[in-house]
Amino acid sequence: MATDFSALGIRREINDILRENGITKPTAIQVQAIPMILAGRDVVGQSQTGTGKTLAFVLPMLEKIDSTKTHVQALIITPTRELALQITNEVTKLADKLGINVLSVYGGQDVDRQIKKLRGGTQIAIGTPGRLMDHLRRKTIYLSGVTKLVLDEADQMLHLGFLDDVEELVRQTSPKRQTMLFSATMPSKIRGLATRYMRNPADIRVQTQNVTLDEIKQVIVEIPESEKLDKLCSLMEEYRPYLAIVFCHTKKRAVAVTSALIQQGYDADELHGDLSQPQREQVMRRFRDAKIQILVATDIAARGLDVEGVTHVFNYDIPRDVDSYIHRIGRTGRAGETGMAITLIDPHEEPYVRMIEAGVSVSIEKHKVSGQRFLTKDKRTVSRTDGGQFFKKTFEKKEETDGVSEKPVKKKAESHGGANLRSHHNKSKDDQKSRYAKKDPNKRVFGKKRKPIER
Ligand code: ADP
Ligand code: MG
(Lines give C-alpha, C1' and ligand atoms only; values in the text may rest on other atoms or scores of the structure.)
(Ligands and ions follow the chains in the order given, each with its own letter.)
Protein backbone atom coordinates (compact mmCIF):
# COMPACT_ATOMS: atom_id res chain seq x y z
CA MET A 1 0.00 0.00 0.00
CA ALA A 2 1.23 3.48 -0.82
CA THR A 3 2.87 5.18 2.11
CA ASP A 4 2.51 8.72 0.85
CA PHE A 5 0.70 10.70 -1.78
CA SER A 6 3.63 10.98 -4.17
CA ALA A 7 3.58 7.20 -4.59
CA LEU A 8 0.02 7.68 -5.88
CA GLY A 9 1.13 10.24 -8.48
CA ILE A 10 0.55 13.46 -6.58
CA ARG A 11 3.19 16.14 -7.14
CA ARG A 12 5.66 17.17 -4.45
CA GLU A 13 4.23 20.69 -4.11
CA ILE A 14 0.81 19.35 -3.12
CA ASN A 15 2.40 16.74 -0.85
CA ASP A 16 4.21 19.46 1.05
CA ILE A 17 1.05 21.46 1.64
CA LEU A 18 -0.74 18.33 2.85
CA ARG A 19 2.12 17.56 5.19
CA GLU A 20 1.92 21.07 6.65
CA ASN A 21 -1.70 20.30 7.42
CA GLY A 22 -0.80 17.03 9.15
CA ILE A 23 -1.92 14.82 6.28
CA THR A 24 0.84 12.39 5.41
CA LYS A 25 -0.63 8.97 4.81
CA PRO A 26 -3.38 8.35 2.26
CA THR A 27 -6.53 6.59 3.44
CA ALA A 28 -7.86 3.43 1.79
CA ILE A 29 -10.32 5.29 -0.45
CA GLN A 30 -7.54 7.72 -1.45
CA VAL A 31 -5.15 4.86 -2.26
CA GLN A 32 -7.69 3.26 -4.53
CA ALA A 33 -9.38 6.26 -6.10
CA ILE A 34 -6.46 8.63 -6.81
CA PRO A 35 -4.57 6.48 -9.37
CA MET A 36 -7.84 5.52 -11.05
CA ILE A 37 -8.92 9.17 -11.39
CA LEU A 38 -5.45 10.22 -12.56
CA ALA A 39 -5.75 7.57 -15.27
CA GLY A 40 -8.90 9.31 -16.47
CA ARG A 41 -11.41 6.67 -15.40
CA ASP A 42 -14.95 7.42 -14.27
CA VAL A 43 -15.32 6.39 -10.65
CA VAL A 44 -18.03 5.51 -8.15
CA GLY A 45 -16.33 5.76 -4.76
CA GLN A 46 -17.93 4.53 -1.57
CA SER A 47 -16.39 4.49 1.89
CA GLN A 48 -17.54 5.19 5.43
CA THR A 49 -18.16 8.73 6.69
CA GLY A 50 -15.06 10.71 7.64
CA THR A 51 -12.58 8.62 5.66
CA GLY A 52 -11.24 11.38 3.41
CA LYS A 53 -13.34 11.12 0.26
CA THR A 54 -12.92 14.83 -0.50
CA LEU A 55 -9.17 14.65 -1.04
CA ALA A 56 -9.67 11.41 -2.96
CA PHE A 57 -11.25 13.42 -5.77
CA VAL A 58 -9.69 16.84 -5.14
CA LEU A 59 -6.02 15.80 -5.37
CA PRO A 60 -6.15 14.12 -8.79
CA MET A 61 -8.40 16.94 -10.01
CA LEU A 62 -5.76 19.54 -9.07
CA GLU A 63 -3.14 17.53 -10.97
CA LYS A 64 -5.17 17.87 -14.17
CA ILE A 65 -6.25 21.53 -14.09
CA ASP A 66 -4.54 23.81 -16.60
CA SER A 67 -4.02 27.06 -14.70
CA THR A 68 -3.09 28.91 -17.89
CA LYS A 69 -6.63 28.44 -19.22
CA THR A 70 -9.32 30.63 -17.68
CA HIS A 71 -12.47 28.57 -18.19
CA VAL A 72 -14.21 26.30 -15.68
CA GLN A 73 -12.59 22.89 -16.07
CA ALA A 74 -13.86 21.14 -12.98
CA LEU A 75 -17.25 21.20 -11.28
CA ILE A 76 -18.13 19.79 -7.88
CA ILE A 77 -21.83 19.63 -7.05
CA THR A 78 -22.98 19.28 -3.43
CA PRO A 79 -26.40 19.07 -1.77
CA THR A 80 -25.94 21.96 0.70
CA ARG A 81 -24.33 25.38 0.82
CA GLU A 82 -22.44 24.45 3.95
CA LEU A 83 -20.82 21.52 2.21
CA ALA A 84 -20.02 23.60 -0.91
CA LEU A 85 -18.30 26.17 1.30
CA GLN A 86 -16.41 23.55 3.30
CA ILE A 87 -15.06 21.88 0.16
CA THR A 88 -14.20 25.29 -1.31
CA ASN A 89 -12.11 26.08 1.75
CA GLU A 90 -10.39 22.70 1.59
CA VAL A 91 -9.62 23.05 -2.13
CA THR A 92 -8.54 26.69 -1.87
CA LYS A 93 -5.82 25.84 0.64
CA LEU A 94 -4.16 23.74 -2.06
CA ALA A 95 -5.26 25.56 -5.21
CA ASP A 96 -4.01 28.99 -4.09
CA LYS A 97 -0.44 27.81 -4.09
CA LEU A 98 -0.84 26.29 -7.56
CA GLY A 99 -2.30 29.43 -9.16
CA ILE A 100 -5.67 27.75 -9.61
CA ASN A 101 -8.83 29.77 -8.95
CA VAL A 102 -11.76 28.28 -7.07
CA LEU A 103 -15.25 29.70 -6.75
CA SER A 104 -18.16 28.56 -4.66
CA VAL A 105 -21.53 29.08 -6.27
CA TYR A 106 -24.40 28.61 -3.89
CA GLY A 107 -27.68 30.27 -3.05
CA GLY A 108 -28.01 33.34 -0.89
CA GLN A 109 -24.69 34.88 -1.91
CA ASP A 110 -23.97 38.04 -3.81
CA VAL A 111 -24.56 37.04 -7.44
CA ASP A 112 -22.68 40.00 -8.89
CA ARG A 113 -19.57 39.10 -6.99
CA GLN A 114 -19.86 35.53 -8.26
CA ILE A 115 -20.33 36.72 -11.84
CA LYS A 116 -17.32 39.01 -11.61
CA LYS A 117 -15.20 36.23 -10.26
CA LEU A 118 -16.39 33.83 -12.94
CA ARG A 119 -15.39 36.38 -15.61
CA GLY A 120 -12.00 36.76 -14.03
CA GLY A 121 -11.19 33.12 -14.72
CA THR A 122 -12.24 30.31 -12.46
CA GLN A 123 -10.94 26.82 -13.07
CA ILE A 124 -12.87 24.99 -10.36
CA ALA A 125 -16.49 25.72 -9.48
CA ILE A 126 -18.14 24.22 -6.42
CA GLY A 127 -21.81 24.67 -5.75
CA THR A 128 -25.34 23.57 -5.14
CA PRO A 129 -27.60 22.65 -8.07
CA GLY A 130 -30.08 25.53 -7.64
CA ARG A 131 -27.59 28.38 -7.86
CA LEU A 132 -25.57 26.69 -10.59
CA MET A 133 -28.77 26.46 -12.61
CA ASP A 134 -29.40 30.18 -11.99
CA HIS A 135 -26.03 31.00 -13.49
CA LEU A 136 -26.65 28.70 -16.42
CA ARG A 137 -29.94 30.44 -17.19
CA ARG A 138 -28.36 33.89 -16.90
CA LYS A 139 -25.55 32.62 -19.08
CA THR A 140 -23.02 33.71 -16.51
CA ILE A 141 -21.43 30.30 -16.27
CA TYR A 142 -20.35 28.01 -19.07
CA LEU A 143 -19.84 24.40 -18.35
CA SER A 144 -18.98 23.14 -21.82
CA GLY A 145 -15.30 23.11 -20.85
CA VAL A 146 -15.92 21.01 -17.74
CA THR A 147 -14.01 17.79 -18.16
CA LYS A 148 -14.01 16.79 -14.47
CA LEU A 149 -17.37 16.45 -12.78
CA VAL A 150 -17.91 15.32 -9.20
CA LEU A 151 -21.20 14.62 -7.47
CA ASP A 152 -20.37 14.59 -3.79
CA GLU A 153 -22.99 12.87 -1.63
CA ALA A 154 -23.97 11.43 -4.99
CA ASP A 155 -26.89 9.35 -3.82
CA GLN A 156 -28.57 12.44 -2.46
CA MET A 157 -27.74 14.45 -5.58
CA LEU A 158 -29.51 11.86 -7.71
CA HIS A 159 -32.56 11.76 -5.49
CA LEU A 160 -35.86 13.35 -6.43
CA GLY A 161 -35.80 17.05 -5.79
CA PHE A 162 -32.26 17.44 -7.07
CA LEU A 163 -32.39 15.07 -10.01
CA ASP A 164 -33.76 17.38 -12.72
CA ASP A 165 -31.27 20.17 -12.02
CA VAL A 166 -28.37 17.77 -11.69
CA GLU A 167 -29.25 16.07 -14.98
CA GLU A 168 -29.41 19.44 -16.73
CA LEU A 169 -26.04 20.46 -15.28
CA VAL A 170 -24.50 17.17 -16.36
CA ARG A 171 -25.83 17.68 -19.89
CA GLN A 172 -24.14 21.09 -20.07
CA THR A 173 -20.68 19.69 -19.34
CA SER A 174 -18.29 18.36 -21.95
CA PRO A 175 -19.26 15.03 -23.49
CA LYS A 176 -15.65 14.03 -22.97
CA ARG A 177 -15.86 14.62 -19.26
CA GLN A 178 -14.71 12.32 -16.50
CA THR A 179 -17.50 11.73 -13.97
CA MET A 180 -16.94 10.90 -10.31
CA LEU A 181 -19.50 9.96 -7.70
CA PHE A 182 -18.73 9.79 -4.00
CA SER A 183 -20.76 8.92 -0.93
CA ALA A 184 -20.83 6.73 2.16
CA THR A 185 -24.11 5.26 0.99
CA MET A 186 -25.04 4.21 -2.53
CA PRO A 187 -28.37 2.43 -2.95
CA SER A 188 -28.20 0.08 -5.94
CA LYS A 189 -31.07 1.86 -7.71
CA ILE A 190 -29.17 5.16 -7.60
CA ARG A 191 -25.99 3.44 -8.69
CA GLY A 192 -27.89 2.14 -11.72
CA LEU A 193 -29.21 5.59 -12.50
CA ALA A 194 -25.75 7.10 -12.30
CA THR A 195 -24.23 4.80 -14.84
CA ARG A 196 -26.31 6.63 -17.46
CA TYR A 197 -23.91 9.56 -17.17
CA MET A 198 -20.79 7.48 -16.85
CA ARG A 199 -18.48 5.50 -19.05
CA ASN A 200 -17.57 2.13 -17.64
CA PRO A 201 -17.04 3.47 -14.11
CA ALA A 202 -14.56 1.86 -11.77
CA ASP A 203 -16.52 0.67 -8.78
CA ILE A 204 -14.44 1.46 -5.71
CA ARG A 205 -15.91 0.23 -2.48
CA VAL A 206 -13.71 0.16 0.52
CA GLN A 207 -15.02 -2.93 2.19
CA THR A 208 -15.36 -3.04 5.92
CA GLN A 209 -17.36 -5.15 8.27
CA ASN A 210 -19.49 -2.27 9.49
CA VAL A 211 -21.38 0.43 7.67
CA THR A 212 -20.89 2.80 10.57
CA LEU A 213 -17.51 3.53 12.05
CA ASP A 214 -16.33 1.36 14.93
CA GLU A 215 -15.17 4.57 16.57
CA ILE A 216 -18.74 5.71 17.10
CA LYS A 217 -20.43 4.33 20.18
CA GLN A 218 -24.14 4.10 19.50
CA VAL A 219 -26.88 4.26 22.10
CA ILE A 220 -30.68 4.37 22.02
CA VAL A 221 -32.53 6.09 24.82
CA GLU A 222 -36.24 5.39 25.06
CA ILE A 223 -38.13 8.29 26.55
CA PRO A 224 -41.64 9.67 26.12
CA GLU A 225 -41.83 12.70 23.85
CA SER A 226 -42.93 14.93 26.71
CA GLU A 227 -39.73 14.20 28.62
CA LYS A 228 -37.29 14.40 25.72
CA LEU A 229 -35.98 17.86 26.46
CA ASP A 230 -35.26 17.09 30.10
CA LYS A 231 -33.54 13.94 29.00
CA LEU A 232 -31.48 15.79 26.41
CA CYS A 233 -30.27 18.19 29.09
CA SER A 234 -29.44 15.41 31.52
CA LEU A 235 -27.53 13.57 28.77
CA MET A 236 -25.54 16.74 28.09
CA GLU A 237 -24.62 16.83 31.75
CA GLU A 238 -23.76 13.16 31.75
CA TYR A 239 -21.63 13.08 28.59
CA ARG A 240 -20.31 16.65 28.54
CA PRO A 241 -19.62 16.93 24.84
CA TYR A 242 -16.87 19.16 23.50
CA LEU A 243 -19.08 20.02 20.52
CA ALA A 244 -22.41 18.36 19.82
CA ILE A 245 -24.91 18.30 16.98
CA VAL A 246 -28.56 17.71 17.86
CA PHE A 247 -30.63 16.59 14.87
CA CYS A 248 -34.33 17.39 14.70
CA HIS A 249 -36.86 16.21 12.16
CA THR A 250 -38.20 19.67 11.30
CA LYS A 251 -37.14 23.31 11.29
CA LYS A 252 -39.76 24.13 13.90
CA ARG A 253 -38.52 21.48 16.25
CA ALA A 254 -34.95 22.70 15.75
CA VAL A 255 -36.02 26.24 16.61
CA ALA A 256 -37.90 25.08 19.70
CA VAL A 257 -35.12 22.83 20.96
CA THR A 258 -32.59 25.62 20.48
CA SER A 259 -34.62 28.15 22.47
CA ALA A 260 -35.21 25.65 25.22
CA LEU A 261 -31.50 24.79 25.45
CA ILE A 262 -30.57 28.47 25.53
CA GLN A 263 -33.18 29.03 28.21
CA GLN A 264 -31.47 26.31 30.20
CA GLY A 265 -28.18 28.15 29.88
CA TYR A 266 -26.51 26.15 27.12
CA ASP A 267 -24.39 27.61 24.35
CA ALA A 268 -26.66 26.51 21.52
CA ASP A 269 -27.63 27.76 18.09
CA GLU A 270 -29.72 26.54 15.20
CA LEU A 271 -29.04 25.63 11.57
CA HIS A 272 -31.85 25.05 9.11
CA GLY A 273 -33.20 26.24 5.80
CA ASP A 274 -35.21 29.15 7.19
CA LEU A 275 -32.12 31.14 8.12
CA SER A 276 -30.62 33.73 5.79
CA GLN A 277 -27.31 32.91 4.12
CA PRO A 278 -25.28 35.25 6.38
CA GLN A 279 -26.95 33.66 9.42
CA ARG A 280 -26.15 30.16 8.17
CA GLU A 281 -22.53 31.10 7.58
CA GLN A 282 -22.21 32.78 10.93
CA VAL A 283 -23.63 29.81 12.81
CA MET A 284 -21.27 27.40 11.07
CA ARG A 285 -18.29 29.67 11.63
CA ARG A 286 -19.07 29.99 15.33
CA PHE A 287 -19.58 26.26 15.66
CA ARG A 288 -16.28 25.52 13.90
CA ASP A 289 -14.58 27.96 16.25
CA ALA A 290 -16.26 26.27 19.23
CA LYS A 291 -17.95 29.54 20.12
CA ILE A 292 -21.17 27.57 20.32
CA GLN A 293 -21.12 24.08 21.70
CA ILE A 294 -24.44 22.66 20.57
CA LEU A 295 -25.60 22.98 17.00
CA VAL A 296 -29.27 22.11 16.69
CA ALA A 297 -29.93 21.25 13.07
CA THR A 298 -32.19 19.68 10.52
CA ASP A 299 -30.82 17.19 8.02
CA ILE A 300 -29.11 20.02 6.12
CA ALA A 301 -26.22 19.32 8.50
CA ALA A 302 -26.38 15.55 8.05
CA ARG A 303 -24.29 15.25 4.91
CA GLY A 304 -20.58 15.74 4.51
CA LEU A 305 -19.90 18.36 7.19
CA ASP A 306 -16.54 17.90 8.84
CA VAL A 307 -16.25 19.89 12.05
CA GLU A 308 -13.30 19.16 14.23
CA GLY A 309 -14.20 18.39 17.82
CA VAL A 310 -17.73 17.06 17.40
CA THR A 311 -17.69 14.41 20.11
CA HIS A 312 -21.43 13.71 20.25
CA VAL A 313 -24.35 13.50 17.87
CA PHE A 314 -27.84 13.44 19.36
CA ASN A 315 -30.81 12.37 17.31
CA TYR A 316 -33.50 14.29 19.13
CA ASP A 317 -35.77 12.70 16.54
CA ILE A 318 -34.90 9.31 15.16
CA PRO A 319 -34.10 9.47 11.43
CA ARG A 320 -36.74 7.91 9.22
CA ASP A 321 -34.36 5.93 7.05
CA VAL A 322 -31.14 4.04 7.51
CA ASP A 323 -28.96 6.19 5.28
CA SER A 324 -29.94 9.37 7.15
CA TYR A 325 -28.90 7.66 10.36
CA ILE A 326 -25.52 6.69 8.89
CA HIS A 327 -24.84 10.23 7.65
CA ARG A 328 -26.03 12.01 10.77
CA ILE A 329 -23.97 9.94 13.19
CA GLY A 330 -21.05 10.19 10.77
CA ARG A 331 -20.64 13.85 11.80
CA THR A 332 -18.70 12.48 14.77
CA GLY A 333 -15.90 9.91 14.89
CA ARG A 334 -14.22 11.55 11.91
CA ALA A 335 -10.65 11.05 10.73
CA GLY A 336 -9.93 8.36 13.30
CA GLU A 337 -11.38 10.23 16.29
CA THR A 338 -13.88 8.61 18.60
CA GLY A 339 -17.45 9.76 18.99
CA MET A 340 -20.80 8.95 20.44
CA ALA A 341 -24.25 8.89 18.85
CA ILE A 342 -27.31 8.97 21.08
CA THR A 343 -30.75 8.52 19.59
CA LEU A 344 -33.81 9.46 21.61
CA ILE A 345 -36.96 7.54 20.81
CA ASP A 346 -40.50 7.70 21.99
CA PRO A 347 -41.65 4.12 22.80
CA HIS A 348 -43.87 3.96 19.71
CA GLU A 349 -40.84 4.61 17.48
CA GLU A 350 -39.36 1.21 18.26
CA PRO A 351 -39.97 -0.08 14.67
CA TYR A 352 -37.54 2.57 13.36
CA VAL A 353 -34.89 1.22 15.69
CA ARG A 354 -35.35 -2.26 14.28
CA MET A 355 -35.12 -0.86 10.76
CA ILE A 356 -31.89 0.99 11.56
CA GLU A 357 -30.37 -1.99 13.37
CA ALA A 358 -31.11 -4.20 10.37
CA GLY A 359 -29.68 -1.55 8.05
CA VAL A 360 -26.40 -1.09 9.88
CA SER A 361 -26.19 -4.72 11.04
CA VAL A 362 -25.53 -3.73 14.63
CA SER A 363 -27.52 -4.24 17.78
CA ILE A 364 -27.57 -0.82 19.41
CA GLU A 365 -27.29 -0.54 23.18
CA LYS A 366 -30.63 0.50 24.70
CA HIS A 367 -31.41 2.52 27.76
CA LYS A 368 -35.04 2.48 28.75
CA VAL A 369 -35.94 5.29 31.05
CA SER A 370 -39.69 5.58 30.71
CA GLY A 371 -41.43 5.17 34.03
CA GLN A 372 -38.21 5.51 36.02
CA ARG A 373 -37.10 9.00 35.19
CA PHE A 374 -33.46 9.87 35.61
CA LEU A 375 -34.50 13.23 36.92
CA THR A 376 -37.74 13.26 38.76
CA LYS A 377 -40.44 15.11 36.97
CA ASP A 378 -41.03 17.32 39.96
CA LYS A 379 -37.50 18.56 40.05
CA ARG A 380 -37.35 19.38 36.37
CA THR A 381 -40.75 20.85 35.76
CA VAL A 382 -40.14 23.34 38.49
CA SER A 383 -36.75 24.11 37.09
CA ARG A 384 -38.31 24.92 33.76
CA THR A 385 -40.05 28.22 33.81
CA ASP A 386 -42.99 27.16 31.66
CA GLY A 387 -43.51 23.71 33.12
CA GLY A 388 -43.07 22.07 29.73
CA GLN A 389 -45.93 23.91 28.04
CA PHE A 390 -43.54 25.55 25.59
CA PHE A 391 -42.62 22.25 24.03
CA LYS A 392 -46.05 20.82 24.13
CA LYS A 393 -47.46 23.78 22.26
CA THR A 394 -44.68 24.04 19.74
CA PHE A 395 -44.80 20.42 18.72
CA GLU A 396 -48.52 19.98 18.53
CA LYS A 397 -48.96 20.99 14.91
CA LYS A 398 -47.84 18.84 12.02
CA GLU A 399 -44.72 20.34 10.54
CA GLU A 400 -42.74 20.42 7.36
CA THR A 401 -39.28 18.96 7.21
CA ASP A 402 -36.29 20.73 5.72
CA GLY A 403 -36.67 19.03 2.39
CA VAL A 404 -33.40 17.15 2.35
CA SER A 405 -34.35 14.12 4.35
CA GLU A 406 -37.71 13.14 3.01
CA LYS A 407 -37.15 9.72 1.63
CA PRO A 408 -39.42 6.71 1.80
CA VAL A 409 -38.66 4.30 4.61
CA LYS A 410 -36.55 1.54 3.22
CA LYS A 411 -37.61 -2.03 3.65
CA LYS A 412 -34.21 -3.53 3.37
CA ALA A 413 -30.67 -2.35 3.83
CA GLU A 414 -28.70 -1.57 0.70
CA SER A 415 -25.07 -2.33 0.30
CA HIS A 416 -22.69 -0.09 2.14
CA GLY A 417 -18.97 -0.17 2.32
CA GLY A 418 -16.20 1.89 3.74
CA ALA A 419 -12.85 2.09 5.33
CA ASN A 420 -11.74 2.98 8.71
CA LEU A 421 -9.31 5.83 9.05
CA ARG A 422 -7.84 4.57 12.27
CA SER A 423 -5.63 2.03 10.53
CA HIS A 424 -4.13 4.82 8.45
CA HIS A 425 -3.84 7.34 11.15
CA ASN A 426 -2.36 5.45 14.04
CA LYS A 427 -3.13 8.45 16.09
CA SER A 428 -2.11 8.35 19.69
CA LYS A 429 -4.36 9.75 22.40
CA ASP A 430 -2.07 12.75 22.62
CA ASP A 431 -2.51 13.44 18.93
CA GLN A 432 -6.22 13.34 19.38
CA LYS A 433 -6.04 15.76 22.23
CA SER A 434 -3.87 18.09 20.22
CA ARG A 435 -6.50 18.10 17.49
CA TYR A 436 -8.94 19.53 19.98
CA ALA A 437 -6.35 21.65 21.70
CA LYS A 438 -6.24 23.84 18.61
CA LYS A 439 -9.57 25.06 19.87
CA ASP A 440 -9.92 26.39 23.36
CA PRO A 441 -9.53 23.45 25.72
CA ASN A 442 -11.12 25.49 28.48
CA LYS A 443 -14.28 25.29 26.50
CA ARG A 444 -15.07 21.98 28.15
CA VAL A 445 -17.08 23.66 30.84
CA PHE A 446 -20.48 22.51 29.89
CA GLY A 447 -22.22 22.48 33.19
CA LYS A 448 -20.59 25.58 34.54
CA LYS A 449 -22.06 27.88 31.95
CA ARG A 450 -25.59 26.95 32.95
CA LYS A 451 -27.86 29.20 34.88
CA PRO A 452 -28.57 27.94 38.38
CA ILE A 453 -31.69 25.84 38.52
CA GLU A 454 -34.51 27.71 40.18
CA ARG A 455 -36.34 25.71 42.76
P1 ADP B 1 -15.61 11.98 3.99
O2 ADP B 1 -15.94 12.81 2.79
O3 ADP B 1 -15.14 10.61 3.65
O4 ADP B 1 -16.73 11.95 5.00
P5 ADP B 1 -13.68 14.10 4.48
O6 ADP B 1 -13.12 14.17 3.13
O7 ADP B 1 -14.62 15.17 4.90
O8 ADP B 1 -14.40 12.68 4.74
O9 ADP B 1 -12.45 13.99 5.50
C10 ADP B 1 -12.64 13.84 6.87
C11 ADP B 1 -11.48 14.45 7.62
O12 ADP B 1 -10.30 13.66 7.42
C13 ADP B 1 -11.11 15.85 7.17
O14 ADP B 1 -10.89 16.64 8.30
C15 ADP B 1 -9.84 15.67 6.37
O16 ADP B 1 -9.01 16.81 6.43
C17 ADP B 1 -9.20 14.49 7.05
N18 ADP B 1 -8.35 13.68 6.18
C19 ADP B 1 -8.56 13.40 4.88
N20 ADP B 1 -7.56 12.62 4.39
C21 ADP B 1 -6.72 12.39 5.41
C22 ADP B 1 -5.50 11.65 5.55
N23 ADP B 1 -4.98 10.98 4.53
N24 ADP B 1 -4.89 11.66 6.75
C25 ADP B 1 -5.42 12.34 7.79
N26 ADP B 1 -6.56 13.05 7.73
C27 ADP B 1 -7.20 13.07 6.56
MG1 MG C 1 -17.53 13.90 2.14
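Q: What makes β8 and β14 paired strands?
A: In this predicted model, strand β8 (residues 216-222) is joined to β14 by 4 bridges, and the two run parallel. Pairing requires at least two bridges between the strands, so β8 and β14 qualify. One of the contributing residues is Val219, whose bridge partner in β14 is Glu365.

Q: Why are β10 and β14 said to stand at the edges of the sheet?
A: The open sheet consists of 7 strands in the order β10-β11-β9-β12-β13-β8-β14, with parallel pairing. Both β10 (268-271) and β14 (365-368) have a single partner strand, so one side of each is left without a neighbour in the sheet. On average, neighbouring strands of this sheet are turned by 20° against each other, direction ignored.

Q: Which strands does helix α13 touch where it packs on the sheet?
A: Helix α13 (residues 322-329) touches β8, β9 (243-247), β12 (310-315) and β13 (339-345), and its direction makes about 150° with that of β12.

Q: Why is Asp134 called partly exposed?
A: Asp134, which is found in helix α6 (residues 129-137), has 16 other C-beta atoms within 10 Å. A buried residue would need 20 or more and an exposed one 12 or fewer, so the count of 16 places Asp134 in between, as partly exposed.

Q: What share of the chain counts as buried?
A: Of the 455 residues of the chain, 49% count as buried, and the chain has 18 helices and 14 strands.

Technical notes:
Residues are numbered from 1 along each chain as its sequence is written. Chains are lettered from A and ligands numbered from 1 in the order in which they are written. This is a predicted model: local features need pLDDT of at least 70, side-chain atom pairs count only at pLDDT 80 or more; totals for chains, interfaces and linings use all residues. Axes are lines fitted to C-alpha atoms, for helices over the stretch in contact, and angles run from 0 to 180 degrees between N-to-C directions. Two residues are in contact if their C-beta atoms, placed from the backbone, lie within 7 Å.
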